[in-house]
Number of protein chains: 2
Amino acid sequence: MELLYILAILLFAARLAGEIMKWLGQPSLVGELLAGIFLGIVTARFPDTFSLLSSISHNDVFHGITELGIFFLMLLAGLELRPSDIVESSRVALGVALGGMLLPFGLGFGIAWVFLPASEVRFAQALFLGTAMAITAVPVAAKILLDLGKLTSRVGKTLVSAAVYDDIASLILLAVLTAVIRYGALPDIQTFGFLIGKVSIFFIITIGLGKYAFPWVGKKLRKTESEEFVFSMLIVAAMSYAVIGEVLGLHFIVGAFMAGLFFRRQTVSGEIFDDTKMKISGVTLGFLSPIFFASIGMSLDLSAVTQIPGLLFVILAAAFMGKLLGAGIPAYFSGMSLRESAALGSGMCARGAVELIVADIALRAGLFEMPDPTPQEITFLFSAVVIMAIVTTIITPLALKPLLEDDPKG
Amino acid sequence: MELLYILAILLFAARLAGEIMKWLGQPSLVGELLAGIFLGIVTARFPDTFSLLSSISHNDVFHGITELGIFFLMLLAGLELRPSDIVESSRVALGVALGGMLLPFGLGFGIAWVFLPASEVRFAQALFLGTAMAITAVPVAAKILLDLGKLTSRVGKTLVSAAVYDDIASLILLAVLTAVIRYGALPDIQTFGFLIGKVSIFFIITIGLGKYAFPWVGKKLRKTESEEFVFSMLIVAAMSYAVIGEVLGLHFIVGAFMAGLFFRRQTVSGEIFDDTKMKISGVTLGFLSPIFFASIGMSLDLSAVTQIPGLLFVILAAAFMGKLLGAGIPAYFSGMSLRESAALGSGMCARGAVELIVADIALRAGLFEMPDPTPQEITFLFSAVVIMAIVTTIITPLALKPLLEDDPKG
């Protein structure tokens with residue numbers, strides 16, 4: 001019952017604000033985030049009146065629902081694309097992903113090194129800020145493109161591919177960060193090799209099954225003439241892919257995306273495919289994903305605004321410019337127009353939930369409480385990074401919309 | 001990730017077994033329950049290999065997902081019916097509900113009084129067995145009728161109405177049981193009056209809003225021309241109804257059902273209604289409800305079969321005959337045919353999840369550990385009641401199918 005109360009309020013606020021944004025010609029994601037921010041401010045102001053809402057960050061059941069939201073969002077993004085879209089756009093996307101990670105990582109590391117006081121944990125803290133900057137949230141990028149109806153445009157395909165590559169590379173950064181936090185040293189070459197080996201195995205399994213097992217099972221399912229069965233089995237396949245991904249050290253979102261990618265019209269039939277996609281779209285965009293985005297908005301903690309305004313400004317500027325130039329310049333030199341390159345650069349900006357996960361790992365490891373006594377810059381670095389995640393996630397769709405809208409190649 | 005692993009396995013097993021049952025001409029619910037029983041036996045045999053699966057009864061997140069399953073199932077059942085269906089069938093349904101509760105309650109109470117040793121808790125134990133017998137699970141009855149495509153038949157409408165009345169009356173029984181367990185005495189007349197007052201307020205609010213607010217909001221929503229928005233707002237309305245129900249002392253399933261009942265074609269438009277219902281149906285029948293039914297099957301504990309076979313047989317026979325005659329005879333005297341009356345009687349048999357909730361309350365209160373030393377009949381009463389819940393839930397659809405199949409009035 002507590003769960004239904006929380007879900008009802010978040011869903012209502014998020015969808016209402018989302019529809020208002022749509023009516024104003026903006027992506028609904030912006031409204032969903034703003035609704036979450038509004039709810040977060042209200043519950044922080046009156047914690048006793050809204051005790052259930054103010055405790056959702058510790059509510060495991062609610063957390064499970066938001067994970068399902070991310071899962072379905074990635075499955076839906078996969079359904080909208082074909083494997084060939086990813087392959088075709090890989091030439092540009094790899095460069096975009098690489099530049100879009102290296103420049104922000106360097107900026108984040110540099111800022112931390114310059115602004116944070118020297119201590120035995122400064123290297124770990126700098127590595128954390130670099131990693132937080134280098135991240136692109138695939139689910140956010142996918143949702144923005146869905147909102148704008150541009151997922152299958154040239155920029156859309158390249159952006160999603162680059163975001164997926166970014167996500168895979170982030171894992172390596174995260175492994176490094178975790179090792180440094182835990183053991184105080186960089187992981188050895190064997191650990192790297194092992195990690196890359198596991199990632200390769202993941203793609204061999206998922207691509208292999210996707211190419212050969214999916215059409216075989218799809219043919220059998222088509223014969224049962226039971227539409228709900230195909231829907232169920234697609235969810236089972238995507239969940240299995242997600243679990244394989246997690247077991248092999250990847251985040252589950254990559255698995256859900258890969259399963260969606262290999263489920264095609266030809267796998268079943270045009271009619272069953274459309275029907276299945278419509279149901280996935282309903283439960284995702286109409287139920288789980290607004291709740292997920294509102295929950296991101298609710299996690300906003302504004303203390304950095306008043307406590308470390310200067311550092312916050314530098315971090316925000318670096319977060320935006322790092323991705324815009326880091327991803328945009330390789331795109332431009334791969335033959336994209338200036339406008340397309342700017343769209344790609346700003347599209348890679350959104351950090352969303354993935355960064356919040358990384359920030360949470362650092363928080364639990366006590367990275368913002370060292371050295372003792374802890375200087376203000378470090379105490380409020382967590383708040384600054386959360387603000388960066390949410391601000392970049394709101395700015396990205398607002399920037400992307402005019403850039404994609406009149407794109408003649410879109 | 002743990003959650004995705006659990007959901008993937010349960011969904012796969014439940015849907016596969018459900019489709020096989022459908023192919024054998026039986027309702028898919030039977031397969032979903034059997035899949036759960038199978039998984040329960042396997043995980044009990046190899047608890048270390050399937051540690052995650054064997055711990056789901058203590059997994060709050062998984063429990064939240066099954067609650068969502070019940071919620072959507074009741075919402076879908078409401079969508080399939082019109083308020084007038086309930087009103088029209090009330091004359092017969094009230095008698096069916098009353099008889100279908102009183103006889104099983106009397107049998108359960110009597111069996112406990114005769115077979116359990118005298119002690120200061122025998123009254124509470126007898127009250128518990130009576131309550132457990134008197135229950136009918138609305139979600140199960142609704143799912144069986146959906147599986148058979150008979151929800152809108154005369155028997156179907158009457159059965160769901162009677163099950164809803166039974167559910168409301170069960171609340172009063174549950175309040176009595178809770179008071180006896182907690183204070184050792186029957187609740188006073190004021191508590192009863194208060195309970196009935198709250199139930200009346202619930203229906204005044206939900207019927208009032210359903211009749212006047214739903215069409216008004218629906219008209220506004222129709223203008224937005226956003227299908228996903230109607231879907232979201234229906235979920236929000238149903239969740240709000242469910243929360244109102246819980247606040248006023250009713251189980252949330254009644255709220256979800258009422259919200260579905262008042263969302264009609266005329267509330268929005270034929271096209272939007274069909275589209276919305278299809279999405280609710282997809283997420284319910286293709287995703288959440290199979291997981292819920294498999295989880296019921298997994299809770300099966302067979303120890304009573306070997307420990308107290310005699311008492312178990314008496315309980316099972318009373319559970320079936322009590323509902324068959326208690327609900328069937330009033331139906332027959334209200335002018336239904338013998339076959340329709342038998343269908344109604346066996347349809348009211350399914351205890352499903354609601355009984356498991358009641359058994360759990362009694363378990364937590366320590367009712368199966370008193371008096372000290374505890375006789376076998378009491379120790380294994382919990383297992384017997386769980387077996388009764390699952391066996392009646394499996395028998396009901398198997399019995400109902402031939403009875404409804406060639407019904408000329410169906």
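How many residues does the contact take from chain A and from chain B? It takes 36 residues from chain A and 36 residues from chain B. Please keep in mind as you look around that this is a predicted model.

**Where chain A touches chain B**

Let's start on the chain A side. Four helices of chain A each give two or more residues to the side that touches chain B: H1, helix H4 (60–80), helix H10 (227–247) and helix H12 (270–298). The largest share comes from H10(A), with 11 residues. Sorted by class, this side of chain A holds 22 nonpolar, 7 polar and 7 charged residues.

**Inside chain A**

Chain A itself is divided into two parts, domain 1 (2–61) and domain 2 (76–405). Between the centres of these two domains of chain A, taken over C-alpha atoms, there are 23 Å. Their contact takes 22 residues from domain 1 of chain A and 21 residues from domain 2 of chain A.

On the domain 1 side of this contact, two helices of chain A give two or more residues: helix H1 (2–23) and helix H2 (28–45). Here H2(A) provides the largest share, 11 residues.

Here are the classes for the two sides described above:

Terms used:
Residues numbered from 1 in each chain as written. Chains lettered and ligands numbered in written order. Predicted model: local features only at pLDDT ≥ 70, side-chain atom pairs only at ≥ 80, totals over all residues. Domains from an automatic or database assignment. Contact = placed C-beta atoms within 7 Å. Nonpolar A, V, L, I, M, F, W, Y, C, P; charged D, E, K, R; others polar.
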